[in-house]
Amino acid sequence: MSPSIFIWVIYALWLALIVYLTVSAGGAKRDTQSHLLQSSGLMLAMMAAFLLPYLPIFSFVNFAPVHPVASGVGVIMCVAGIAILISGRRHLGRNWSQTVAAKQGHELVTSGPYRYVRHPMYAGGCIACIGSAIVAGGAFIFLLVFLGAIFVWRVGAEDRLMERQFPNEYPKYKKRTKAMLPFVW
């Protein structure tokens, strides 16, 4: 099998995820305030990730396609990461937000993947980015770096928001779960 097939699979998986998140966002509760700067920053990071590999100085990240075994491992990681991300999104239901934001009628979700980590969507996104970077390199390396940094910032921001929203429940929940990696962080 041609290694370039794996690259097409990676892009198809991400496209399917974007479609899913876009469609499922329609039923989310409204944010209590606008967060244009966060949304713009996320969009700029994604655009930069896909443009930077075209600069000659970053040509070293354009190493794909790689060996079929490595590509297979990368695709499996991408599928697993996207599955974790989607599971987290489904369990959040109408409480999901693209930005760190309080929702109208916000509820604390501790079921499903939220039993194990407080931020499974970020964990899944990082796993999917690592797998994608193994297969396709280029933009996914930058996406991993940019989204990884954004996710680490958002973990702290969301924890602070949830502590304000749920002052009695969240500290207990935070004490018994890790942020993104079970048993570690």
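In this predicted model, aspartate 159 is buried, with a relative accessible area of 6%. Aspartate 159 forms a salt bridge with arginine 118, in which the closest N and O atoms are 3.0 Å apart. Because aspartate 159 belongs to helix α5 and arginine 118 to the loop between α3 and α4, the pair ties together parts that are 41 residues apart in sequence. Arginine 118 is likewise buried, at a relative accessible area of 10%.

The side chain of aspartate 159 is also joined to that of histidine 119 by a polar contact of 3.0 Å. Histidine 119 is placed in the loop between α3 and α4, and its relative accessibility of 4% counts as buried because it falls under the 20% limit. When residues up to four places away in sequence are left out, histidine 119 touches Val155, Glu158, Asp159, Tyr170, Ala179 and Met180.

The count of salt bridges comes to two. Besides the pair of aspartate 159 and arginine 118, the side chains of glutamate 163 and lysine 174 meet in a salt bridge, with an N to O distance of 3.0 Å. Glutamate 163 lies in helix α5 and lysine 174 in helix α6, so this pair ties together parts that are eleven residues apart in sequence. Glutamate 163 is partly exposed, with a relative accessible area of 30%, and lysine 174 is partly exposed at 31%.

The largest pocket holds about 1,100 Å³ of space. It is lined by 42 residues, of which Leu21, Leu42, Trp96, Gln98 and Met121 are the closest to its centre. Among the elements that give two or more residues to this lining are α1 (3-24), α5 (139-165) and α6 (170-176). By class, the lining comprises 30 nonpolar, eight polar and four charged residues.

Note on methods: Residues are numbered from 1 along each chain as its sequence is written. This is a predicted model: local features need pLDDT of at least 70, side-chain atom pairs count only at pLDDT 80 or more; totals for chains, interfaces and linings use all residues. Side-chain values use heavy atoms; hydrogens and water are left out. On a 1 Å grid over the protein atoms alone, a cavity is a set of points where a 1.4 Å probe fits but cannot get out, and a pocket is an open set with protein on both sides within 12 Å along at least five of seven lines; lining residues have an atom within 4 Å of a point. Grid points are joined across faces, edges and corners, and a volume is the space filled by probe spheres set on the points. Helices (H or I, at least four residues) and strands (E, at least two) are DSSP runs, numbered from the N terminus. Ala, Val, Leu, Ile, Met, Phe, Trp, Tyr, Cys and Pro count as nonpolar, Asp, Glu, Lys and Arg as charged, and the others, Gly among them, as polar. Buried means under 20% relative accessible area, exposed over 50%, partly exposed in between (1.4 Å probe, protein chains only). A polar contact is a pair of N or O atoms within 3.5 Å; within protein, one must be able to donate a hydrogen and the other to accept it, and residues adjacent in sequence count only if both atoms are side-chain atoms. Contact means heavy atoms within 4.5 Å. A salt bridge is a side-chain nitrogen of Lys or Arg within 4 Å of a carboxyl oxygen of Asp or Glu.
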